[in-house]
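Visitor: I'm new to looking at protein models. Could you show me how to read one?

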Amino acid sequence: MRADPRALRFGAAVTTLVLASALMTESAWLLAAQAVVFALGVVRRSPYSMLFTAFVKSAPKETEDARPPRFAQGVGLAFAVAGLAGYLTGIMPLALVATAAALLAAFLNAAFGFCLGCETYLLIRRLLPAAKMEVS
């Protein structure tokens with residue numbers, strides 16, 4: 001499966017806004033909503049990418065492999081779940097640090113086109129060439 005890099009960057013920008021809002025307001029609800037978006041991005045397309053595609057009708061000049069961004073969505077989901085665990089247990093440092101880590105990764109992608117989760121996926125693939133990291 002292929003992905004439109006413009007939609008991925010748009011999704012990262014929206015994610016940055018949502019996570020920044022969740023961090024500033026210490027809202028577990030916003031973080032939970034973003035966790036759902038991350039989960040959907042792992043199993044199919046992110047709602048943010050679908051929103052981009054609904055409004056931008058031009059075809060991308062290039063596409064990229066969808067597996068690294070899906071892996072990145074899974075990493076974002078892990079940080080969001082850790083943040084939610086922090087909120088639910090009252091461990092605020094965990095909630096804030098996990099949310100801030102996800103925010104940093106989303107911001108790097110939105111602002112600079114650097115997908116930290118994607119790079120991690122590629123590094124793992126290089127280190128473990130026999131590993132099957134297929135995400136359908």
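Guide: Let's begin with a rule: a disulfide is a pair of cysteine sulfur atoms within 2.5 Å. By this rule, the count here comes to one disulfide. Before we go on, note that this is a predicted model, where local features need pLDDT of at least 70, side-chain atom pairs count only at pLDDT 80 or more, and totals for chains, interfaces and linings use all residues. Residues are numbered from 1 along each chain as its sequence is written, and side-chain values use heavy atoms, with hydrogens and water left out.

Visitor: Which cysteines form the disulfide, and how far apart are their sulfur atoms?

Guide: Cys 115 pairs with Cys 118, and their sulfur atoms are 2.3 Å apart. The torsion about the S-S bond of Cys 115 and Cys 118 is about 70°, so this disulfide is right-handed.

Visitor: Are Cys 115 and Cys 118 buried or exposed?

Guide: Here's how to decide: buried means under 20% relative accessible area, exposed means over 50%, and partly exposed is in between (1.4 Å probe, protein chains only). Cys 115 and Cys 118 are both buried. Across the chain, buried residues make up 33% of the 136 residues.

Visitor: How many helices and strands does the chain have?

Guide: Helices (H or I, at least four residues) and strands (E, at least two) are DSSP runs, numbered from the N terminus. This chain has six helices and two strands, and along the sequence they follow the pattern β-α-α-α-β-α-α-α. As for overall shape, the C-alpha trace spans about 45 × 40 × 25 Å along its principal axes.

Visitor: What is Thr 15 in contact with, leaving aside its neighbours within four places in sequence?

Guide: Contact means heavy atoms within 4.5 Å. With those neighbours set aside, Thr 15 is in contact with Gln 34, Phe 38, Tyr 48 and Ala 106. Thr 15 sits in helix H1, residues 5–25, and counts as buried because its relative accessibility is 5%.

Visitor: And where is the place of Ala 28?

Guide: Look in helix H2, which covers residues 28–43. Ala 28 has a relative accessible area of 23%, so it is partly exposed. Not counting residues up to four places away in sequence, Ala 28 touches Leu 84 and Tyr 87. Now try Ser 49: it is 21 residues from Ala 28 along the chain, and their C-alpha atoms are separated by 23 Å.

Visitor: What share of the chain's contacts comes from residues 24 or more positions apart?

Guide: Among contacts with a separation of 6 or more, those residues account for 72%.
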